[in-house]
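This briefing is meant to be read beside the sequence and the coordinates. Please keep both in view while going through the points.

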Amino acid sequence: MRFVFLTDTHFGDGIPGYYQQIPYHNKINSIMDALKDWIKQDGNIDFVMHGGDMIHECSAESLKQAVDLFQFDMPFYHTLGNHDLDVENSLELWLEHAPHFFNGGKPEYSLEFDGITLHSITSHYGEDSFFWGPTQDFRFDPPEHEKLIEKVAKPGIHIVVVHVPAFGIPAVQMGTENEHHPIIESYNKDILALREACPNLACVLSGHLHINSCKIDGDTAFVTCAALTESPFEFKVVEIDEKQINMQTISLIDQVDFKANYDFEKTSTQGRPIDRNFSFEF
Ligand SMILES: [Fe+2]
Ligand SMILES: [Fe+2]
């Protein structure tokens, strides 16, 4: 299984809210063209996976445009992020306009390539599922979490994609005194419970923080990816078989058809070498 993982495109974001590097949301068409060219040249990608916050604000119009933009010559899948769910009828809108972004037409799904199973689960943000209201009280829907525990307990190698990561960014990476964006304990425990249940959870892939990070704990890599639409336009290539996993971070800054700047005061966004690339055997 070899796939592209990208995240936090924030399509339609006129005035950028949260960002880590210089945002170029208005250049998303050029960035997507560069990505599609890269995939074509590589010639060996099975599918493309988006880690959430595809659109900045959820509406029928932005979803229709996103469906046009996120067309690939191969399967494309999405895991919902908080910005994808910022109106009360978000799920209804997604299922009406973009059900094909979810394998089987529902946001909780699994897919299997070459004997490796990837699972998508939605992070929720308060008592109302599939609606990011005023709180960032990260949680899972208990029945869906339970179902996923059962799925990952099955033999074989598993990957989980979830928008909000299990961990914040360590202070040592950020050059700060404290961890960046610490994650509430109950949510962290719920992700770690998946690892406890799983004989081989190779990787948990996330977005949300717009920063590249990687924490390898035992045989599991907890990865967050920078936002594709922020300079230098990075995504991951994950290659995995029953023996090993390899992840690389790729930048499109030399491929886009416009001149992009970069904030050298915030190189921590791109991560240390260990946050960008890794390879290990099971
Ligand atoms: Fe985001
Ligand atoms: Fe997010």
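Predicted model: local features only at pLDDT ≥ 70, side-chain atom pairs only at ≥ 80, totals over all residues.

Residues are numbered from 1 along each chain as its sequence is written, and chains are lettered from A and ligands numbered from 1 in the order in which they are written. The protein contains seven helices and twelve strands; helices (H or I, at least four residues) and strands (E, at least two) are DSSP runs, numbered from the N terminus.

**Overall dimensions**

- The radius of gyration of the protein is 17 Å, which agrees with the value near 19 Å that a compact globule of 282 residues would have. The radius is taken over C-alpha atoms, and the globule rule is 2.2 Å times the number of residues to the power 0.38.
- Along the principal axes, the C-alpha atoms fill a box of roughly 45 × 45 × 40 Å.
- Of the 282 residues, 44% are buried. A residue is buried if 20 or more other C-beta atoms lie within 10 Å of its own, exposed if 12 or fewer, and partly exposed in between, with C-beta atoms placed from the backbone.
- Among contacts between residues at least 6 apart in sequence, 73% join residues at least 24 apart. Two residues are in contact if their C-beta atoms, placed from the backbone, lie within 7 Å.

- Six strands form an open sheet in the order 3-2-1-10-11-12, with mixed pairing. Two strands pair if DSSP finds at least two bridges between them.
- Strand 3 (76-78) and strand 12 (278-281) are the edge strands, each pairing on one side only.
- On average, neighbouring strands of this sheet are turned by 20° against each other, direction ignored. The axes are lines fitted to C-alpha atoms, for helices over the stretch in contact, and angles run from 0 to 180 degrees between N-to-C directions.
- Within the sheet order, strand 1 (residues 2-6) pairs with strand 10 (residues 234-240) in the antiparallel sense over four bridges. V4 has V237 in strand 10 as its bridge partner.

- Strand 9 is largely enclosed by the rest of the structure, because five of its five residues are buried.
- Both faces of strand 9 are covered, with T220, F222 and T224 buried on one side and A221 and V223 on the other.
- Strand 7 and strand 9 run parallel and are joined by four bridges. S206 is bridged to T224 in strand 9.
- Strand 8 (residues 213-217) runs antiparallel to strand 9, with five bridges between the two. In this pairing K215 stands opposite F222.
- Strands 8 and 9 form a hairpin with two residues between them, and G218 in the turn has a positive phi of about 65°.

- In soluble globular proteins, nonpolar side chains tend to be buried together.
- The largest nonpolar core here has 72 residues, and F5, I31, C203, V204 and V223 have the most contacts inside it. Strand 7 (residues 201-206) supplies the largest share of this core, five residues. Such a core is a set of buried Ala, Val, Leu, Ile, Met, Phe, Trp, Tyr and Cys residues joined through C-beta atoms within 7 Å.
- Leaving out residues up to four places away in sequence, V223 touches C203, V204, L205, S206, C214 and M247.

**Loop residues**

- I211 lies in the loop between strand 7 and strand 8. I211 is buried, as 27 other C-beta atoms lie within 10 Å.
- Not counting residues up to four places away in sequence, I211 touches Q20, I169, T224, A226, T269 and G271.
- D114, in the loop between strand 4 (109-113) and strand 5 (116-120), has a positive phi of about 50° although it is not a glycine. D114 is exposed, with 11 other C-beta atoms within 10 Å.
- H181, in the loop between helix 5 (171-174) and helix 6, is a residue other than glycine with a positive phi near 55°. H181 is partly exposed, with 18 other C-beta atoms within 10 Å.
- P232 lies in the loop between strand 9 (220-224) and strand 10. The peptide bond from S231 to P232 is cis, with omega near 5°.
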